[in-house]
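Hi,

Here is the structure I promised to pass on. Have a look at it first, then read my notes below.

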Amino acid sequence: MSQIRATYTGLISIILSLISLIAGVAFMIIVTRTLDTVEFGTWGLIMGLSSYAIMIHPIISYWALRETARGIESAKTAVCSSSILSLGGISIYLILAYIIGSISDANLNVLVFAVILIPVMFVYYVVHWINLGWRPHLTSYGLISISISQVVFGLIFVYFLDMSVQGVILSVFVSYLVGLTTQSIFARNKIKNKLKKEFLINWLKLSWLPIYPSIAMLISKIDIFLFTVISGSVVGLAFWTAAIIITAPIANAGMMARGIYPKLLRKDGGNFLQQNITYVFYFLLPFTALAITFARPALFTLNPAFEFVSIVVIFLAMRVLLNTLCDMFQEFLIGLEDVDTRTNPNFKDFINSKLFIIPTIRIIQSIIFITILVIGFYYFVSDTGYLDVLIFWALISVLSQIPFCAYLYILLKRSSSLTFEKKSVIKYLLSSMIIFIPVYYFAESFFTYSPKLVEFIPQLIIFIGLSMGAYLAITYIIDSKTRELFTAIFHEIKK
């Protein structure tokens, strides 16, 4: 019998992710209120460089998740192999850091110092994916331990010791160590198995398959480097990073589907697809509305200097919404694929499988996005202000997601007995509009933009709390699926 309960996992994941979100916002306020624009832009660049460095971690973690979900004891081999693989990630990071640091105003010494993040991130992710394979809700405890630790160490290194970007790097480094410890405690029984070189040999033989989807990320992430190189500064990147921080919480809605992928790998999750997609929309739509409605006050909370990019947040919110759906559909489709369970599958079998076809479509989408962006940056960066460039950047990122998301949904409908519950989703959409549109106009006339956060943040919290409370109340009254969700929550609390 499966140890994975889809609805339970989704509820635990989304509740803990919201707690982590609060801690994460507190950490970012510490960072943005302490660093100047160039320093914060440098931190945004470090995050972009790190994403390139860790793109090779799926060589191990991709198979660790799939094999753990199917009861194959390969976890210890995965952890040890990932530690060695991190040396490759370190090399990638340092090469990129020296290239970008030499042609921008980012501090090269700071970029190089941030390399300490790479090895701990590698090992953290592989243990995270191991837990995701057998009890997905455990991964949320690792996430919350990181978020709370960041606040504690952010106060120490960034606020009190005033260590600037180096303090942010140290805070994140120590927080990942705490998260790794938490995840390792949960995975300890899985990691006790023996080291087997057969696993590593097989992973290396098939390494092209988990690396292939990373090509799409590699291409799409070029946008950060293009902007930095063409503009020659990280100042604009600071504004972009601030807008991303405001919209990133929208992706937490995808946590409701956290347990589906490993259940599909075990061949016992098909009946949960429809229900969990509906629940994802239940949180995704109001979270998106929250980001759009409170874009300006949220940016002001981070730093008054970021307030003018609130329109960028609107486009990025739509991008995160579409990307969350794309990631969910992609995970479901890959979870339904069983080519790697066949006896001696050949290269052609993998090429014809969803494990290859879906990343190929995503690579095409990324190439189109970057091509249009290069042309736009070439004409816009030197002739217009940062705001126009950022709006163009955000708008293109939204438009390029639409056809890809639609294709994945059509493919998922063909591959499963999925029925889209339109009535419930329309109710969630209308409820969000009825609540958040009036709140947007009322809040703008009500807010007093005080430089003192102790005066401003309570106003923001009250409006967010009242808006979400009204949404929960209305949807509970008009939608049966919402009442079922509340009943499930009540039953889990009783247990």
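Here is what turned up, starting with how to read it.

This is a predicted model, so local features need pLDDT of at least 70 and side-chain atom pairs count only at pLDDT 80 or more, while totals for chains, interfaces and linings use all residues. Residues are numbered from 1 along each chain as its sequence is written, and side-chain values use heavy atoms, with hydrogens and water left out.

Let's begin inside. Buried means under 20% relative accessible area, exposed over 50%, and partly exposed in between, with a 1.4 Å probe and protein chains only.

Rings of Phe, Tyr and Trp (its six-membered ring) pair if their centres lie within 6.5 Å; planes under 30 degrees apart are stacked, over 60 edge-to-face, the rest tilted. Tyr282 and Tyr428 make an edge-to-face pair, 5.0 Å centre to centre with 75° between the planes. Tyr282 sits in helix H15 (residues 273–293) and Tyr428 in helix H22, 146 residues apart. Tyr282 counts as buried because its relative accessibility is 1%, and Tyr428 because its value is 0%.

Cheers

Note on methods:
Helix = DSSP H or I, 4+ residues; strand = E, 2+ residues; numbered from the N terminus.
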